[in-house]
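Hello,

Here is the structure we talked about handing over. Please open it first, then read my notes below.

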Amino acid sequence: MPSLINTIIHLCIAQLMLPVPTPIPHQKIPCTLTSLWMGESGKCANVHLYVCCLAVLSNESFPELDDHHHLGHVDAAFHMHSEDSPENHDQQFFFLDIKVFSYYKHKLEKDYPKDISEIFPGIPDHLDAAVECPKPDCTNDTIIFFKGDEIYHFDEFKSMPSCTGAFRYMDHYYCFHGHQFSKFDPVTGEVCGRYLKETRDYFMRCPYFGKCNNEHHIEREQCSRVHLDAITSDDDGSVYAFRGHHFLSTTGDKFHSDTIKCAFKELHREVDAVFSYEGHLYMIKIDNEVFVYKVGEPHTHLEGYPKLLKDVLGIEGPVDAAFACAEHHIAHVIKGINIVYDVDLKATPRVPVKEGTITHLRKVDTAICGPKGVTVISNYYYQYASPMIVMMAKMLPEQHRVSQELFGCDH
């Protein structure tokens, strides 16, 4: 055994004493940052395995790098490996100052060079180095950038374009691109659901944006995160939810979306509160007027309306919400700091009676009474057995998402 060990040691020492092969130069070029060292594994002189390097000018293989004389030398470069994204696979990226060059099979791709921030948002200019970290080395195909003491990880968010703005709302993350947006997973960058979508449909109120009877608006109203103005249900169980100039109605499992102007042409604009009573919709506007419509196809505007809120319910506006429960003749009106007034709709004249205050909620947007009790809506919606329980409650019950659990949005 000692003889074998000695033999191995002697062979190793002998190999170390062999002269290192001299690289075979392609040209006599000094090793500078304008040179490109092209490696190739194989047998060199002395029949030992080495990496043979050829030094060539970078502008011989990538001539466009030398066309922009105002830019400095190459700051960083990497080779893209992304089999999950064939359009990005096998690209070579070179970073010079504020620009990035993209090559495929040694040909500069169309419209390059581009600003680094355009292709790699969040990554700084004047980089020091870059390296690719493909799966499974990293959880996702990732590029690691280095600048000074900082390290930046850039996941290849393939399904989401560059964000011009970002927003976190109700535990969801949104990426905005002009007038459109996507919802994405902040860990993986994966876009959730069917996107891109129109920002003006979901996050802001744009009067008359869209057209009447456009069924495309159904999903928008189902999935919108904008607060509801009002909600009610008629005697047949159909639900009407109002938001801005649009409303969403449901009959069984069928949804319909329309504009207030199309279905209730006398209203012209948004409402503050709506409740249903004996086959009629009582619609309260922000200017303290009440419009009444007989439910049907189409809804019929009653003559003599609008009337002042004071003349119809005996209460001064503005109001935040109103609802009435089936087979009862009481309209529950919420106004001010969640103060609840009851109005007997059978009485003449109608006189509001203060019943209590909802103390466990900061603000009530709207409410509806149905077979399961009272549903009160703010950022989320909450379920109560009766109007009295709403006022007696001291703690928030279980919260539910309006878009998903009330309107069946699938994302």
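A pocket, as used here, is an open set of grid points where a 1.4 Å probe fits, with protein on both sides within 12 Å along at least five of seven lines. Note that this is a predicted model.

The largest pocket holds about 750 Å³ of space. It is lined by 35 residues, and the closest to its centre are Ser233, Ile368, Cys369, Gly370 and Pro371. The lining divides into 17 nonpolar, twelve polar and six charged residues. Several elements each supply at least two lining residues, among them strand E15 (230-233), strand E28 (366-370) and helix H9 (402-406).

Salt bridges. The structure holds four. Here are notes on some of them.

- Asp115 pairs with Lys99, with the closest N and O atoms 2.7 Å apart. This pair links distant parts of the chain: Asp115 sits in strand E7 and Lys99 in strand E5, 16 residues apart. Asp115 is partly exposed at 32% relative accessibility. Lys99 is partly exposed too, at 23%.
- Glu221 pairs with Arg243, the closest N and O atoms being 2.8 Å apart. Helix H5 carries Glu221 and strand E16 carries Arg243, 22 residues apart. Both residues are buried.
- Asp365 and Lys363 meet at 3.5 Å, N to O. Asp365 has 10% relative accessibility, so it counts as buried. Lys363 is partly exposed, at 45%.

One more residue. Ser257 lies in strand E18 (residues 254-259). Its relative accessible area is 1%, so Ser257 is buried. The C-alpha atoms of Ser257 and His246 are separated by 7.3 Å, and the two residues are eleven apart along the chain.

Best wishes

How values were computed
Residues are numbered from 1 along each chain as its sequence is written. This is a predicted model: local features need pLDDT of at least 70, side-chain atom pairs count only at pLDDT 80 or more; totals for chains, interfaces and linings use all residues. Side-chain values use heavy atoms; hydrogens and water are left out. Helices (H or I, at least four residues) and strands (E, at least two) are DSSP runs, numbered from the N terminus. Buried means under 20% relative accessible area, exposed over 50%, partly exposed in between (1.4 Å probe, protein chains only). On a 1 Å grid over the protein atoms alone, a cavity is a set of points where a 1.4 Å probe fits but cannot get out, and a pocket is an open set with protein on both sides within 12 Å along at least five of seven lines; lining residues have an atom within 4 Å of a point. Grid points are joined across faces, edges and corners, and a volume is the space filled by probe spheres set on the points. Ala, Val, Leu, Ile, Met, Phe, Trp, Tyr, Cys and Pro count as nonpolar, Asp, Glu, Lys and Arg as charged, and the others, Gly among them, as polar. A salt bridge is a side-chain nitrogen of Lys or Arg within 4 Å of a carboxyl oxygen of Asp or Glu.
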